[in-house]
Amino acid sequence: YLTMLEEAKRRDHRKLGKELGLFMMREEGPGFPFFLPKGMELKNQLLSSDMVEGSPAPDFTALTVNGKSLSLSQLKGKYVFLDVWASWCAPCRREIPFIKKALAEAKNKDNFKVLSYSIDSKRSDWTNCIAKNQMSDKNWIHVSTLKAWSSDIIRLYNVRGVPHTVLIDPAGNVVKCNLRGEELVNTVKDILSRPFKPAKSN
């Protein structure tokens, strides 16, 4: 179905969705093969193929440090800073102070969350890095599937390297990609200083 998904970039997505929706889809790779539900996987693949600022952010599900399942869609209604990272990634760790500064801007608010998705493969590496770098805040959520580069997030968000970040608005749409450093802090400060106004649909 990957060939057909590429075709989606050149013709009507809705029409293609109906065509692909007639079939179950199969993938190859670690943990595969298995058959996937038609609806959600197809929807996310189509969204990721055209993901730009203003487009809907593909949904995904991963496990928190406590082993609870969490989906991006559960955070709808809040700004979400999606941070794809890994414990072994030095540039990722250099961004931690800036993420903390961004969180400080939301200290007295409940409409901003940082969702850090680790692509580590070992739980101990992931959790030890969180503890060592004091990556904790009431608005900071950590998730992972511990599948390294086979993690769903890699495909869904076209991740080519880490850190990879996406700011998502309360309506679930992409605001900006690859925010880092002071640009992240200033952007968060700006969006939290004014009421959220959903973009008008055409």
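The model is predicted, so local features need pLDDT of at least 70 and side-chain atom pairs count only at pLDDT 80 or more, while totals for chains, interfaces and linings use all residues. Residues are numbered from 1 along each chain as its sequence is written, and side-chain values use heavy atoms, with hydrogens and water left out.

The protein contains eight helices and nine strands; these are DSSP runs numbered from the N terminus, with helices (H or I) of at least four residues and strands (E) of at least two. Of its 202 residues, 43% are buried, meaning under 20% relative accessible area with a 1.4 Å probe, protein chains only. Contacts are counted where heavy atoms lie within 4.5 Å. Among those between residues at least 6 apart in sequence, 69% join residues at least 24 apart.

Seven strands form an open sheet with mixed pairing, in the order β4-β3-β7-β6-β5-β8-β9. At its edges, β4 (69-71) and β9 (174-177) each pair on one side only; two strands pair if DSSP finds at least two bridges between them. On average, neighbouring strands of this sheet are turned by 30° against each other, direction ignored. Within the sheet, β3 (residues 61-64) and β7 (residues 140-144) pair in the antiparallel sense over two bridges, and Thr64 has Val143 in β7 as its bridge partner.

Now for the helix: α6 (residues 123-132) lies across β3, β5 (79-85), β6 (112-118) and β7, and runs at about 165° to β7. Such angles run from 0 to 180 degrees between N-to-C directions, using axes fitted to C-alpha atoms, for helices over the stretch in contact.

How values were computed:
Buried means under 20% relative accessible area, exposed over 50%, partly exposed in between (1.4 Å probe, protein chains only).
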